[in-house]
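Please keep the sequence and the model at hand while reading.

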Amino acid sequence: MKRSRINDIMRAADDMIRGYGFSLPPFAYWTPQDFQRRARTAAHVIDARCGWDITDYGAGDFDRMGLFLFTLRNGLLADLQRGGGMCYAEKLLISRQDQLSPMHTHILKAEDIINRGGATLVVELYGSDDRGGFAGDRGGTVWCDGLRIDYAPGQKLRLAPGESVTLRPGDWHAFWGEGGDVLIGEVSTVNDDETDNIFHEPIGRFSTVDEDEPPLHLLVSDYARWLA
């Protein structure tokens, strides 16, 4: 993705988030130089990869297949492994109309996906085989706002604003906005986007960036290079 496009997506996402009454934390608006100066005090933000995350999954067509994310807070895998401490994470996402977030599951992460506002969020579901792999002929069970839903393979849940679904490891899912863009909340166990996203198709989680202009704000995938 071109850096100029990423910068434009950031500006539009911030406007949408504010439009629904949410405010991003102060570090969201730091320049790359601010992050470099504050790297020591911001060590947890950096290590937990909180911040801006924009991906086209390496496919080069963000409008067709892509996702905006901002990780507001995130714990550490070590806390999750010992069963104490900061074992949770929270994100805001934007799924545009008909913009696919492709079929995937997680090994460790359980998550609530919440329609925070906008259009309808469609979540397509499949179950796992006995080894945790994608099973096109299996369904499973999820909870929508605490109510049990036994889903058939390929079943599509349609979540209106205020509605949510709880997904556990092994629930294969894809999602997109229907009828417009959707602001999504995600509340989960510790989030690890580098190793805990298992895609049905062989695609990448992060985009390759074409640096056609300076970054407005750093992406989480920029931290290793800019803040080493």
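Is Phe 134 buried, partly exposed or exposed? Phe 134 is partly exposed, its relative accessible area being 24%, where buried means under 20%, exposed over 50% and partly exposed in between (1.4 Å probe, protein chains only). The model is predicted, so that local features need pLDDT of at least 70 and side-chain atom pairs count only at pLDDT 80 or more, while totals for chains, interfaces and linings use all residues. Residues are numbered from 1 along each chain as its sequence is written, and side-chain values use heavy atoms, with hydrogens and water left out.

**Aromatic pairs**
- A search of the whole structure finds 8 aromatic pairs, a pair being rings of Phe, Tyr and Trp (its six-membered ring) with centres within 6.5 Å, counted as stacked if the planes are under 30 degrees apart, edge-to-face if over 60 and tilted for the rest.
- Tyr 126 and Phe 134 form a tilted pair, because their planes lie at 55°, with ring centres 4.9 Å apart.
- Phe 134 and Trp 172 have ring centres 5.7 Å apart and planes at 90°, which makes the pair edge-to-face.

**Other aromatic contacts**
- One aromatic cluster is formed by Phe 27, Trp 52, Phe 68 and Phe 70.
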